[in-house]
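Hello,

Here is the structure I promised you. Please open it and keep it beside this email.

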Amino acid sequence: MDISLIIKVVGVGILVSVACQILAKSGRDEQSMLVTIAGIVVVLLLLIEEIGHLFDTIRSVFGM
């Protein structure tokens, strides 16, 4: 796993949290929830390859 991936995930988290706080303070709770969901999707897309490697490792360990 590369350190740049961790930095990207942290960056997305910081941007999403700031955007959610700004939207929540202005009374736009629905948009705040959508920004949170979009942030989760972006992070999952960033991590999808690493999750695939994890499953391959688990399969090789248990011999499936």
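Which helix does Val18 lie in? Val18 belongs to helix 1, residues 3–25. (Helices are DSSP runs of H or I, at least four residues, numbered from the N terminus.)

Some ground rules. This is a predicted model, where local features need pLDDT of at least 70, side-chain atom pairs count only at pLDDT 80 or more, and totals for chains, interfaces and linings use all residues. Residues are numbered from 1 along each chain as its sequence is written, and side-chain values use heavy atoms, leaving out hydrogens and water.

Val18 has 41% relative accessibility, so it counts as partly exposed.

Next, Leu47. It lies in helix 2, residues 29–62. Leu47 is partly exposed because its relative accessibility is 24%. Leaving aside residues up to four places away in sequence, Leu47 touches Leu5 and Val9. (Contact means heavy atoms within 4.5 Å.) Leu47 and Leu5 are 42 residues apart along the chain, yet their C-alpha atoms are separated by 8.0 Å.

Last, charges. The whole structure holds 1 salt bridge. (That is a side-chain nitrogen of Lys or Arg within 4 Å of a carboxyl oxygen of Asp or Glu.) Arg59 and Asp56 form a salt bridge, 3.5 Å from N to O. They are 3 residues apart in helix 2, so about one helical turn separates them.

Best wishes

Definitions and conventions
Helix = DSSP H or I, 4+ residues; strand = E, 2+ residues; numbered from the N terminus. Buried < 20%, exposed > 50% of the residue type's maximum accessible area, 1.4 Å probe, protein only.
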